[in-house]
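Me: I would like to learn how to read a structure like this one, step by step. Could we look at it together?

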Amino acid sequence: TIIVRDFNTPLTALDRSSRQKVNKETIDLNYTLGQMDLADIYRRFYPTIAKHTFFSSAYRIFTNIDHMLGHKVSLNKFQRIEVT
């Protein structure tokens, strides 16, 4: 099962154009996702590539806030993934 979810927050510093530090709420969210054995499938395929899905005109930054989450056990079933 693939879950595409908009958390309105980047999960890593790479997911922000300004490379701001990841805040406590994001750290907590990542911890919870880890406890549920969920992973951002896109980030597993592309651990170093920044791909942004949202532009904030108020803050003038690009972020990746749409995450493709899947259970870690099923990650080997994916051959290709992309953001369009």
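Me: Is D28 buried, exposed or partly exposed?

Reply: Buried stands for under 20% relative accessible area, exposed for over 50%, and partly exposed for what lies in between, with a 1.4 Å probe and protein chains only. D28 has a relative accessible area of 37%, so D28 is partly exposed. Before we go on, note that this is a predicted model, in which local features need pLDDT of at least 70 and side-chain atom pairs count only at pLDDT 80 or more, while totals for chains, interfaces and linings use all residues. Residues are numbered from 1 along each chain as its sequence is written, and side-chain values use heavy atoms, with hydrogens and water left out.

Me: How many salt bridges are found in the whole structure?

Reply: Side chains of opposite charge can pair when their charged atoms come close. The term salt bridge is used for a side-chain nitrogen of Lys or Arg within 4 Å of a carboxyl oxygen of Asp or Glu. A search of the whole structure gives two salt bridges. One of them joins the side chains of K24 and D28, at 2.9 Å from N to O.

Me: Why are K24 and D28 separated by about one helical turn?

Reply: Helices (H or I, at least four residues) and strands (E, at least two) are DSSP runs, numbered from the N terminus. K24 and D28 are four residues apart in helix 1, and therefore about one helical turn separates them. K24 counts as exposed, at 56% relative accessibility. E25 is also found in helix 1, which covers residues 24-35, and E25 is exposed with a relative accessible area of 56%.

Me: Which side chain meets that of R43 in a salt bridge?

Reply: The partner is D15, whose side chain meets that of R43 at 2.4 Å, N to O. Because R43 lies in helix 2 and D15 in the loop between strand 1 (2-6) and helix 1, the pair ties together parts that are 28 residues apart in sequence. R43 counts as buried at 12% relative accessibility, and D15 counts as buried at 1%.

Me: What else is R43 in contact with, leaving aside its neighbours within four places in sequence?

Reply: Contact means heavy atoms within 4.5 Å. With those neighbours left aside, the residues in contact with R43 are T12, L14, D15, T48, I49 and N64.
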